[in-house]
Amino acid sequence: MATEPNQIAARIGVVAIFVNVLAFVPFALVDDSYRPDLIERWSFAVESRAGPVSVGAWLFSAGALLLVPWAAGLTRSLGPYSWPGGALLVVAAAVRMIGSLLPLVAARFVPHGESGIVTTLLGMTLLLESLFHLCLGIGVLLVSLAMARHRDVPIWLAPAGLLTGLLALPVAGMVSSAPAAVFMPVADFIFLGWTSLTCLYLVGAWAPRTAPQSTRVPLPPQPQLGK
């Protein structure tokens with residue numbers, strides 16, 4: 001199956017990139033966000049800065065939701081070998097969409113002074129964010145392997161995806177690792193960079209000049225009738 005351009009998925013992917021980048025603005029305004037070693041300070045910041053927390057939660061959740069049609073369009077273009085990776089990307093987006101809203105619940109609906117409840121909700125956020133990066137890393141790796149077998153995908157796009165997936169996997173330890181949590185924005189921006197490259201591919205920016213076969217693996221010769 002040859003790959004197909006998908007203009008709609010590409011445009012949705014661009015919007016997803018923009019929303020996710022925008023989400024890091026309120027994220028930066030809330031001190032000690034997504035830091036397991038500073039979760040009590042993060043809890044205090046959530047209670048005292050409900051506005052930025054709420055805006056950031058909605059943006060992160062919307063950005064994750066927009067990744068679903070992008071992933072579906074990408075896997076549709078790449079064919080069935082990419083479906084397992086695409087399914088994991090959809091799972092990752094759903095996990096982040098839910099986890100991103102928990103700080104909003106902590107900021108808006110937990111009474112002031114109930115620091116134990118706030119800390120519990122933030123701990124669940126860290127856990128879901130770790131699961132998001134685990135599914136994201138494996139999903140990108142599988143999709144990149146599917147890219148590697150297609151002639152009409154730029155040969156460097158698959159290695160870029162493999163690197164992106166490998167860099168996302170260590171962030172899965174952020175539920176208990178401060179260095180992994182500090183690396184999270186870096187891994188996310190690298191993923192968004194790779195996403196932008198896939199969007200360019202989906203609009204046909206690197207259309208092949210010739211594509212006699214849809215895979216780079218040569219097929220065995222077919223037997224001739226009568227011989």
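User: How many helices and how many strands does the chain have?

Analyst: This is a predicted model, and the chain has eight helices and zero strands. Read from the N terminus, the order of elements is therefore α-α-α-α-α-α-α-α. Of the 227 residues, 48% count as buried.

User: Let us turn to charged side chains. What is the general idea, and how many salt bridges does the count come to?

Analyst: Side chains of opposite charge can pair when their charged atoms come close. Here the count comes to four salt bridges. One of them joins Arg96 and Glu129, whose closest N and O atoms are 2.2 Å apart. Arg96 lies in helix 4 and Glu129 in helix 6, so this pair ties together parts that are 33 residues apart in sequence. Both Arg96 and Glu129 are buried.

User: Which residue forms a salt bridge with Asp37, and which one meets Asp32 in a salt bridge?

Analyst: Asp37 pairs with Arg35, with 2.8 Å between the closest N and O atoms. Arg35 is partly exposed at a relative accessible area of 22%, and Asp37 is also partly exposed, at 44%. Asp32 meets Arg41 in a salt bridge, at 3.1 Å from N to O. Arg41 has 52% relative accessibility and so counts as exposed, because the cut-off for that class is over 50%.

User: Where is Asp32 placed, and what is its phi?

Analyst: Asp32 is placed in the loop between helix 1 and helix 2 (39-48). Its phi is near 60°, a positive value in a residue other than glycine. The loop between helix 1 and helix 2 is also the place of Tyr34, which has a positive phi of about 55° although it is not a glycine.

User: Is Tyr34 buried or exposed, and how does one describe its ring pairing with Trp42?

Analyst: Tyr34 is buried, with a relative accessible area of 8%. As for the pairing, a pair of aromatic rings is described by the distance of the centres and the angle of the planes. The count for this chain comes to eight aromatic pairs. Among them, Tyr34 and Trp42 form a tilted pair, 5.0 Å centre to centre with 35° between the planes. Trp42 is buried, as is Tyr34.

User: What kind of aromatic pair do Trp70 and Phe191 form?

Analyst: Trp70 and Phe191 form an edge-to-face pair, with 6.0 Å between the centres and 80° between the planes. Trp70 lies in helix 3 and Phe191 in helix 8, so the pair ties together parts that are 121 residues apart in sequence. Trp70 counts as buried at 1% relative accessibility, and Phe191 counts as buried at 4%.

User: Which residues form one aromatic cluster, and which residue lies over the face of Tyr81?

Analyst: Phe24, Phe27, Tyr34, Trp42, Phe60 and Phe189 form one aromatic cluster. Arg149 lies over the face of Tyr81, at 3.8 Å from the ring centre.

User: Finally, which residues form a nonpolar patch on the surface, and which helix gives the most to it?

Analyst: Leu131, Leu134, Ile138, Leu142, Leu145 and Leu162 form such a patch, with about 440 Å² of accessible area together. Helix 6 (residues 115-148) gives the most, with five residues. Leu145 has its place in helix 6.

Conventions: Residues numbered from 1 in each chain as written. Predicted model: local features only at pLDDT ≥ 70, side-chain atom pairs only at ≥ 80, totals over all residues. Heavy atoms only, no water. Patch = residues over 30% accessible without salt bridge, like charges linked within 9 Å, V, L, I, M, F, W, Y side chains within 5 Å. Areas by Shrake-Rupley, 256 points an atom, 1.4 Å probe, with all protein chains shown as cover. Helix = DSSP H or I, 4+ residues; strand = E, 2+ residues; numbered from the N terminus. Buried < 20%, exposed > 50% of the residue type's maximum accessible area, 1.4 Å probe, protein only. Phe/Tyr/Trp six-rings, centres within 6.5 Å; stacked < 30°, edge-to-face > 60°. Lys NZ or Arg CZ within 6 Å of the ring centre and 35° of its normal.
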